[in-house]
Amino acid sequence: MVTTGLGSSLAYLLSRAERSVNRGLAAAVTAQDVSVEQWRILRALADGRGHSMGDLAEAVLMPHPTLTKAIDRLIDRSLVYRGHDPGDRRKVAVFLADRGSELLTRVEGGVAEHHRLIEAVYGTERTERLMRDLEGLVTALDDAPAVPSPAVRERAPGGPGRS
C-alpha cells in the first residue's frame with residue numbers, strides 16, 4: 001500500500017479511479033453520440049417518474065447551471081422533455097422521451113460491455129465488493145454529522161489558540 005505522496009490520499013485515489021472508469025465509459029457511450037453526463041441523465045430519467053431539476057442535478061452529480069444546458073441540448077435532440085410534475089402540477093419536471101428511451105437502450109449495451117471489461121480485469125467478486133464498499137462509504141459520509149474544517153475550528157470561540 002502506498003503511504004506517501006498523492007497515493008496516500010483517498011480523495012486522490014478515488015479521483016484517479018473515476019477518471020479511469022469514465023475514460024472507458026466515454027468510449028462506450030460516444031459511439032451513440034452521447035456524453036457520460038448525458039447518459040447519466042437519460043439513465044436517471046428511465047424510471048419514468050419525471051424529476052425536478054434540483055433532484056436530477058443531485059442524482060447525476062452535476063451543478064444546476066451545467067445540468068440546465070445539458071437538458072436543453074437533450075430537448076433539442078428530442079430525447080427528453082419538460083412537463084408538469086405528476087405530484088404537483090405547479091412544478092416542472094423532466095421526462096425521458098420515447099426517442100431518448102430508444103437511444104438509452106442502444107447505449108446500455110456499450111455500458112454493459114464496459115462493465116464486463118472492468119470485471120474481466122479486476123474480477124467480478126472484487127468489482128461487486130468495491131461497488132458495495134463505495135455505496136457504504138457514500139452512505140456513511142452522507143449520514144455523518146458535518147465536521148467543520150480545521151480553519152473554522154481555529155476561529156471558533158474556545159477553539160485552539162483561544163484563551
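How many bridges join strand β1 to strand β2? Select residues 80–85 and 88–96 in this predicted model. These are β1 and β2, joined by 6 bridges and running antiparallel. The two strands make a hairpin, with 2 residues between them. Now pick D85 and find D88 of β2 standing opposite.

Next, go to the salt bridges, which number 6. Select R77 and D33, whose side chains meet in one of them at 3.8 Å, N to O. R77 sits in the loop between α4 (64–76) and β1, while D33 sits in the loop between α1 (10–30) and α2 (36–45), so this pair ties together parts 44 residues apart in sequence. D33 is exposed at 55% relative accessibility, whereas R77 is partly exposed at 27%.

Move to R49 and D47, another salt bridge, with the closest N and O atoms 2.8 Å apart. R49 is exposed, at 55% relative accessibility; D47 is partly exposed, at 35%.

Then select helix α5 (residues 98–122) and show the side chains of R116 and E113, which lie 3 residues apart in this helix, about one turn. They meet in a salt bridge of 2.9 Å, N to O. Both ends are partly exposed: R116 has a relative accessible area of 46%, and E113 has 45%.

Finish on the surface with D55, E58, D142 and D143, which gather in a patch of negative charge. Within α6, pick D142. D142 is exposed, with a relative accessible area of 61%.

How values were computed: Residues are numbered from 1 along each chain as its sequence is written. This is a predicted model: local features need pLDDT of at least 70, side-chain atom pairs count only at pLDDT 80 or more; totals for chains, interfaces and linings use all residues. Side-chain values use heavy atoms; hydrogens and water are left out. Patches are made of residues with over 30% relative accessible area and no salt bridge: like charges are joined within 9 Å, nonpolar side chains (Val, Leu, Ile, Met, Phe, Trp, Tyr) within 5 Å. Accessible areas come from the Shrake-Rupley method with a 1.4 Å probe; for residues, only the protein chains shown count as cover. A salt bridge is a side-chain nitrogen of Lys or Arg within 4 Å of a carboxyl oxygen of Asp or Glu. Lys and Arg count as positive and Asp and Glu as negative; His and the chain ends are not counted. The place of a charge is taken as NZ of Lys, CZ of Arg, CG of Asp or CD of Glu. Helices (H or I, at least four residues) and strands (E, at least two) are DSSP runs, numbered from the N terminus. Buried means under 20% relative accessible area, exposed over 50%, partly exposed in between (1.4 Å probe, protein chains only). Two strands pair if DSSP finds at least two bridges between them.
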